[in-house]
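Colleague: I have just opened this one and would like to go through it with you. Could you take me through a few residues and then the overall fold?

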Amino acid sequence: ASKYGGGIYTGTATVSVTGGLISNNKAVKNYGGGIGVSQSADVTLENCTITGNSGAKGGGVYDYGKLTINEGTIISDNTANGDETGGGGIFVNKAATLTMNGGTITKNTAPNTYGGGIYLLGTSTVMTMTGGEITGNSAKSNGGGIYCNEATVNLGGTSVIKNNKLS
């Protein structure tokens, strides 16, 4: 892909992905190997798998809009291959929102940078996690599970964050 979303790019849209596989896509030197969520988009993921993708920011998903992750979603084995930012599983950019009600973010990596599972950037960026797991992710420098750069994170409910590491 030239800029956003090696597998799927959502412009000004409301998108529901229920079931399916988004796999082995690349956004070389760009954003969102699996999915690129634009600033005007509202995307919900449920019972789907995003795996084996790569991008400079957000190996699995690049979120610049509104992203909701529900039960049965697996974001795994994705790589953020950029040299300045990361987010192996998900990169959440300025003023975007990420709501995680369920699902699993696992085995993602940011081998050169930060946020193996999730990278959150910006003072208006908000992540709310009420369920699901962030586990087994890795980053080179900071935030094996979650790297939070000026963003707001709200954790509660049945959220599990465990076994993440710095490499």
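Colleague: Let's start with Thr51: which residues does Thr51 touch, leaving out those up to four places away in sequence?
Modeller: Leaving those sequence neighbours aside, Thr51 is in contact with Leu21, Ile22, Ser23 and Asn24, and also with Ser76, Asp77 and Asn78. Please keep in mind throughout that this is a predicted model.

Colleague: And where is Thr51 placed, in which strand?
Modeller: Thr51 belongs to strand E7, which covers residues 49–51.

Colleague: Buried or exposed, that Thr51?
Modeller: Thr51 counts as buried, because its relative accessible area is 18% and the cut-off for buried is under 20%.

Colleague: OK, zooming out, how many helices and strands does the chain have?
Modeller: The chain has 0 helices and 24 strands. Its C-alpha atoms fill a box of roughly 35 × 35 × 30 Å when taken along the principal axes, and 51% of the 167 residues count as buried.

Colleague: Which strands make up the open sheet, and in what order?
Modeller: There are 6 strands in that open sheet, arranged as E2-E6-E10-E14-E18-E22, and their pairing is parallel. At the edges sit strand E2 (14–18) and strand E22 (152–155), each of which pairs on one side only. On average, neighbouring strands of this sheet are turned by 10° against each other, with direction ignored.

Colleague: Take E10 and E14, how many bridges do they pair over?
Modeller: Strand E10, residues 66–69, and strand E14, residues 97–100, pair in the parallel sense over 4 bridges. Within that pairing, Ile69 has Met100 of E14 as its bridge partner.

Colleague: Then tell me about Met100: buried or exposed?
Modeller: Met100, which lies in strand E14, is buried, with a relative accessible area of 0%. Apart from residues up to four places away in sequence, Met100 touches its bridge partner Ile69, as well as Ile105, the residues Thr128, Met129, Thr130, Gly131 and Gly132, and finally Glu133 and Ile134.

Colleague: Changing topic, how many salt bridges does the structure hold?
Modeller: The structure holds 1 salt bridge, formed by Lys66 and Asp42, with the closest N and O atoms 3.8 Å apart. This pair links distant parts of the chain, since Lys66 is in strand E10 and Asp42 is in strand E6 (residues 42–46), 24 residues apart.

Colleague: How accessible are the two partners, Lys66 and Asp42?
Modeller: Lys66 is partly exposed, with a relative accessible area of 39%, and Asp42 also counts as partly exposed, at 24% relative accessibility.

Colleague: Last topic, the surface: which residues form a nonpolar patch there?
Modeller: Val153, Leu155 and Ile161 form that patch, and together they have about 230 Å² of accessible area. Ile161 lies in strand E23, residues 160–162, and counts as partly exposed at 40% relative accessibility.

Conventions:
Residues numbered from 1 in each chain as written. Predicted model: local features only at pLDDT ≥ 70, side-chain atom pairs only at ≥ 80, totals over all residues. Heavy atoms only, no water. Pairing = 2+ DSSP bridges. Helix = DSSP H or I, 4+ residues; strand = E, 2+ residues; numbered from the N terminus. Axes fitted to C-alpha atoms, helices over the stretch in contact; angles between N-to-C directions. Patch = residues over 30% accessible without salt bridge, like charges linked within 9 Å, V, L, I, M, F, W, Y side chains within 5 Å. Areas by Shrake-Rupley, 256 points an atom, 1.4 Å probe, with all protein chains shown as cover. Salt bridge = Lys/Arg side-chain N within 4 Å of Asp/Glu carboxyl O. Buried < 20%, exposed > 50% of the residue type's maximum accessible area, 1.4 Å probe, protein only. Contact = heavy atoms within 4.5 Å.
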